Amino acid sequence: MFTDGACSGNPGPGGWGAVLISGKHRKEISGGTRDTTNNRMEMMAVIRGAEALKRGCRMDIHTDSKYVIQGMTQWVEGWKRRGWRTAAKQPVKNVDLWKLLEQALERHEVNWHWVKGHSGVADNERADELARLAIPRS
């Protein structure tokens with residue numbers, strides 16, 4: 001799965017996109033909202049991509065969001081131990097989506113891969129395009 005989020009202003013209207021690939025099968029999904037942030041759209045791309053899968057599987061998630069990768073691989077367990085507080089005892093931002101992300105991924109075996117944004121990786125570029133196209137226009 002390749003995912004990306006985009007925002008026109010931060011905060012502002014935003015979109016997310018995901019490209020799901022399994023063998024010869026390919027599915028592209030996207031969505032957007034009028035008032036959001038880039039980080040929330042990055043998270044929504046992974047959430048909706050994982051939810052689109054019919055059954056649990058081993059999956060490789062490619063994203064240019066270090067926020068999402070570090071959140072899921074380094075920070076989330078500590079946040080939960082501290083009652084969804086940061087090490088500085090502040091409330092975790094986007095806690096609603098971190099909980100949804102955990103739930104969406106719990107039935108999958110996930111390998112995370114960071115992709116440099118806008119570096120010519122075709123499916124990452126497509127996820128970015130889907131996200132930008134999904135940004136609501138007024």
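Predicted model: local features only at pLDDT ≥ 70, side-chain atom pairs only at ≥ 80, totals over all residues.
Q: Let's start with one residue. Is Met72 buried or exposed?
A: Buried means under 20% relative accessible area. Met72 has 17% relative accessibility, so Met72 counts as buried. You will find Met72 in helix 2, residues 66–81.

Q: Which residues does Met72 touch, leaving aside those up to four places away in sequence?
A: Look for Trp98, Leu101, Glu102, Leu105 and Trp112.

Q: How do the axes of helix 2 and helix 3 cross?
A: Angles of 65 to 115 degrees count as roughly perpendicular. Here the axes of helix 2 and helix 3 (residues 95–105) cross at roughly 100° and come within 11 Å. Helix 2 is therefore roughly perpendicular to helix 3. On the helix 2 side, the contact includes Tyr67, Gly71 and Met72, while helix 3 brings Trp98, Leu101, Glu102 and Leu105. By class, that contact has eight nonpolar, three charged and one polar residues.

Q: How many aromatic pairs are there, and how do I read one?
A: Aromatic ring pairs are described by the distance of the centres and the angle of the planes. The count here is five aromatic pairs. For Trp75 and Trp79, the ring centres are 5.8 Å apart and the planes are at 45°, so this pair is tilted. Trp75 and Trp79 are four residues apart in helix 2, which means about one helical turn separates them. Trp79 counts as buried at 8% relative accessibility, whereas Trp75, at 31%, counts as partly exposed.

Q: Which residues form the aromatic cluster?
A: Tyr67, Trp75, Trp79, Trp84 and Trp98 form one cluster.

Methods:
Residues numbered from 1 in each chain as written. Heavy atoms only, no water. Helix = DSSP H or I, 4+ residues; strand = E, 2+ residues; numbered from the N terminus. Buried < 20%, exposed > 50% of the residue type's maximum accessible area, 1.4 Å probe, protein only. Contact = heavy atoms within 4.5 Å. Axes fitted to C-alpha atoms, helices over the stretch in contact; angles between N-to-C directions. Parallel < 35°, antiparallel > 145°, perpendicular 65-115°, else oblique. Nonpolar A, V, L, I, M, F, W, Y, C, P; charged D, E, K, R; others polar. Phe/Tyr/Trp six-rings, centres within 6.5 Å; stacked < 30°, edge-to-face > 60°.
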